[in-house]
Amino acid sequence: KNINVSRLFPSSVKMEVVFRDPAAILISLKNKEATNSSLLNNIATPSAEQIKDFYVSDNEGITFSKDINGLNIPKVYLYDLSISMGKTENDLVQNSLKILDKIKTLGIKAEDSLIKDVFLIINPFIGEPKIIFRLNGKNDIQIASLQLILIEAKINEETLGFIDLRFDKPVV
């Protein structure tokens, strides 16, 4: 992330290396056949043929590596979004990384998520609950709604299968 170099007199140099912390694995996918409605209504596991590239991004949205070995961090599948090494990703990816960071505090395990158009889908392939966010910058309101839904479900001892936060009134 950064290297700090300072000279100590008379003949020493101090070098400090600050590393980037990986936040998510970004996986670029190309899917020409799926439409938005079919993707949201019938979420299917992407095939190995669709996978184009793997990248590692930090919590600031900067892509810094292609080496994913040994990383146990969330995977974010991207449909029709380009990824560039060493650059800050677009607002959709940055908002998604912020959401993934915040839902960890709510106790939601999000191993896989999917960005399609302006939506983030948490646990789209397996796992519950499946959660859909709209990536419009009003993520704090959606997180607050999700927190209230989870608290009420815990009190009522209910299992949630699907939460849609794209609307003013969430659908559970």
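Where does D117 lie? Select D117 and you land in the loop between β7 (112-116) and β8 (119-122). Before moving on, a word on what you're looking at: this is a predicted model, where local features need pLDDT of at least 70, side-chain atom pairs count only at pLDDT 80 or more, and totals for chains, interfaces and linings use all residues. Residues are numbered from 1 along each chain as its sequence is written, and side-chain values use heavy atoms, with hydrogens and water left out.

Stay on D117 and check its backbone: phi is positive, about 55 degrees, though D117 is not a glycine. Most residues other than glycine have a negative phi. D117 is partly exposed, at 34% relative accessible area (buried is under 20%, exposed over 50%, partly exposed in between, using a 1.4 Å probe and protein chains only).

Next, pick N123, in the loop between β8 and β9 (130-134). N123 also isn't a glycine and has a positive phi of about 55 degrees, but here the residue is buried, at 5%.

Now jump to N95 in helix α2 (residues 91-105); helices are DSSP runs of H or I with at least four residues, strands are E runs of at least two, and both are numbered from the N terminus. N95 is buried, at 14%. Leaving aside neighbours within four places in sequence, N95 is in contact (heavy atoms within 4.5 Å) with L135, G137 and N139.

Last stop: P10, in the loop between β1 (2-8) and β2 (12-18). The peptide bond from F9 to P10 is cis, with omega near 5 degrees.

Zoom out, and you have three helices and 10 strands.
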